Amino acid sequence: MMYKICSTFFAALATTGSIAMSAEFGNINLRTRELSGVGIGPCGYCEENPCTEDNIKDNKYFHPHCEKKRKYLQCAGVGMCYERRCDSGTMWNQDLGACVAI
């Protein structure tokens, strides 16, 4: 069964270069790492991607989320942005660069 799933996955990837996921997550192009679809922007659900060349050069890897206080954005390189969530009972504090108790 796992072989069939894997072979189908790689056949779809080889043919189209992308894999369709649920509507909540949209599609991901594994070759370019681009997300597209419902509600997906360059950085999760945020319109702007803070992982700019200038921010990376300045070692600014953590940024507040565009809407949610319990989330923050983490950069892994230029244009490589990941949405992260603080633990229950905490929220992101940009001044401290950490999740703090509410």
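**Chat about a hairpin and its surroundings**

Visitor: In what sense do β5 and β6 pair, and over how many bridges?

Guide: They run antiparallel, with 6 bridges between β5 and strand β6, which covers residues 80–85. Keep in mind that this is a predicted model.

Visitor: What sits between the two strands of that hairpin?

Guide: The hairpin formed by β5 and β6 has 2 residues between its strands. Gly-79 is in the turn, and its phi is positive, about 80°.

Visitor: Which residue in β6 is the bridge partner of Tyr-72?

Guide: That's Arg-84.

Visitor: And is Tyr-72 buried or exposed?

Guide: Tyr-72 is buried, because its relative accessible area is 14% and the cut-off for buried is under 20%.

Visitor: How many aromatic pairs are there?

Guide: The count is 3. One of them joins Phe-62 and Tyr-72: the ring centres are 6.2 Å apart and the planes are at 50°, so the pair is tilted. It links distant parts of the chain, with Phe-62 in strand β4 and Tyr-72 in strand β5, 10 residues apart.

Visitor: Which residues do the ring pairs link into a cluster?

Guide: Phe-62, Tyr-72 and Trp-92. As for Phe-62, its relative accessibility of 36% makes it partly exposed.

Visitor: Switching topic: where is Glu-67?

Guide: Glu-67 is in the loop that runs between β4 (62–64) and β5 (71–77). Its relative accessible area is 59%, so Glu-67 counts as exposed. C-alpha to C-alpha, Glu-67 lies 7.7 Å from Cys-46, and the two are 21 residues apart in sequence.

Visitor: What about Thr-90, buried or exposed?

Guide: Thr-90 is buried, at 15% relative accessible area. You'll find Thr-90 in strand β7, residues 90–93.

Visitor: Which residues does Thr-90 touch, leaving out those up to four places away in sequence?

Guide: Arg-70, Cys-99, Val-100, Ala-101 and Ile-102. There's a polar contact too: a polar atom of the Thr-90 side chain lies 2.5 Å from the backbone oxygen of Asp-87.

Visitor: Zooming out, how many helices and strands does the protein have?

Guide: It has 2 helices and 8 strands. Along the sequence they come in the pattern α-β-β-β-α-β-β-β-β-β.

Visitor: What share of the residues count as buried?

Guide: 22% of the 102 residues. The protein exposes about 7,500 Å², and 55% of that comes from carbon and sulfur atoms.

Visitor: Among contacts between residues at least 6 apart in sequence, what share join residues at least 24 apart?

Guide: That share is 19%.

Definitions and conventions: Residues are numbered from 1 along each chain as its sequence is written. This is a predicted model: local features need pLDDT of at least 70, side-chain atom pairs count only at pLDDT 80 or more; totals for chains, interfaces and linings use all residues. Side-chain values use heavy atoms; hydrogens and water are left out. Helices (H or I, at least four residues) and strands (E, at least two) are DSSP runs, numbered from the N terminus. Buried means under 20% relative accessible area, exposed over 50%, partly exposed in between (1.4 Å probe, protein chains only). Two strands pair if DSSP finds at least two bridges between them. Contact means heavy atoms within 4.5 Å. Accessible areas come from the Shrake-Rupley method with a 1.4 Å probe; for residues, only the protein chains shown count as cover. A polar contact is a pair of N or O atoms within 3.5 Å; within protein, one must be able to donate a hydrogen and the other to accept it, and residues adjacent in sequence count only if both atoms are side-chain atoms. Rings of Phe, Tyr and Trp (its six-membered ring) pair if their centres lie within 6.5 Å; planes under 30 degrees apart count as stacked, over 60 as edge-to-face and the rest as tilted.
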